[in-house]
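Hi,

Here is the structure I said I would pass on.

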Amino acid sequence: MANKNILLIEPGYKNKYPPLGLMKIAQYHGPQGKCDNVRFVKGEDRSVLFEAWDRLYVTTLFSFEFQKISESIDFALNAANGHADKVFVGGIAASLMHEKFVNEPRWQGIRFIKGLLGLAPAESLQLDEFSEELYSDDRTGTPIEDLIPDYSILDQIPYKYPVRDAYLHTPRAGAFDM
């Protein structure tokens, strides 16, 4: 089933850190995973409207940016030609404000993912095997949350994140004891 077209969308707000969730999804779908064609955009890049997408993912970060998030979800629905079942929305705001997203009538059929993608991909993404959704048979694969982020997708957009090559280090217990 390789060579499916996957669109990753980050709303057009300013932020310091790249979208780790989308980067892990890129790893799942990309050359080291399902071998799909992965495209990443920030904001509403109208050039993607001329392609057929098999799945679209929208990340959410800031709950106070609900308006920009809404625009990105509407854009994803447009890019999916109204096929809400191809659109998946996750991230912090989608988890914290889950009911607000789910209860929006114009987004009926979109899957709003609450929390981490810590189960097998088909389970985390709420895929329906009966409907034969793309990768709905992936019920034993490595959880997307456990994948190494694909930083190469950041080269697909002109936006430069202030924090691109940093990592967090957690010292061992007692490292600050005096």
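Glu44 is partly exposed, with a relative accessibility of 35%. Before I go further, keep in mind that this is a predicted model. Glu44 is found in the loop that runs between β2 and β3. Setting aside neighbours within four places in sequence, Glu44 makes contact with Glu71, Ser72 and Phe75. Ala79 is 35 residues away from Glu44 in sequence, yet their C-alpha atoms are 9.8 Å apart in space.

The protein chain has a mean pLDDT of 91, and 90% of its residues reach 70 or more. The stretch to watch is residues 168–178, where pLDDT stays under 50. For that stretch the model has one contact beyond four places in sequence. Where pLDDT is low, the predicted coordinates should not be read in detail, and I have left that part alone.

**The sheet**

What is the order of the strands in the open sheet? There are five of them, arranged β2-β1-β3-β4-β5, and the pairing is parallel. β2 (37–42) and β5 are the edge strands: each has a single partner, so one side of each is left without a neighbour in the sheet.

Next, the strand pairs around β3. β1 and β3 run parallel and are joined by four bridges, with Leu7 standing opposite Leu56 of β3. On the β4 side, β3 pairs in the parallel sense over five bridges, and Thr60 has Gly91 in β4 as its bridge partner.

Is β3 mostly covered or mostly open? Six of its six residues are buried, so I'd call it mostly covered, given that buried means under 20% relative accessible area. Arg55, Tyr57 and Thr59 point one way from the strand, while Leu56, Val58 and Thr60 point the other way, and all are buried.

**Helix α2**

α2 covers residues 66–79, which makes 14 residues. From first C-alpha to last it reaches 20 Å, close to the 20 Å expected at 1.5 Å a residue. Which of its residues are buried? They are Phe66, Ile69, Ser70, Ser72, Ile73, Phe75, Ala76, Leu77 and Ala79. After the helix comes Asn81, which has a positive phi, near 55°.

**Aromatic rings**

I get 10 aromatic pairs in the model. Phe101 and Trp107 are a stacked pair, at 6.0 Å centre to centre with 20° between the planes. Both partners are buried: Phe101 has a relative accessible area of 0%, and Trp107 has a relative accessibility of 1%. Tyr159 and Tyr161, on the other hand, pair edge-to-face, at 4.9 Å centre to centre and 75° between the planes. Here Tyr159 is partly exposed at 23% relative accessibility, whereas Tyr161 is buried at 3%.

Phe101 and Trp107 also belong to one aromatic cluster together with Phe66 and Phe112.

**Gln27**

One last residue for you to click on. Gln27 lies in helix α1, residues 20–29. Is Gln27 buried or exposed? With 17% relative accessibility it counts as buried. Not counting residues up to four places away in sequence, Gln27 touches Gln32, Gly33, Leu147, Ile148, Pro149 and Asp150. By contrast, the C-alpha atom of Glu133, which is 106 residues from Gln27 along the chain, is separated from that of Gln27 by 19 Å.

Happy to go through any of this with you.

Cheers

Terms used. Residues numbered from 1 in each chain as written. Predicted model: local features only at pLDDT ≥ 70, side-chain atom pairs only at ≥ 80, totals over all residues. Heavy atoms only, no water. Helix = DSSP H or I, 4+ residues; strand = E, 2+ residues; numbered from the N terminus. Expected span 1.5 Å × (residues − 1). Buried < 20%, exposed > 50% of the residue type's maximum accessible area, 1.4 Å probe, protein only. Phe/Tyr/Trp six-rings, centres within 6.5 Å; stacked < 30°, edge-to-face > 60°. pLDDT = per-residue confidence, 0-100. Contact = heavy atoms within 4.5 Å. Pairing = 2+ DSSP bridges.
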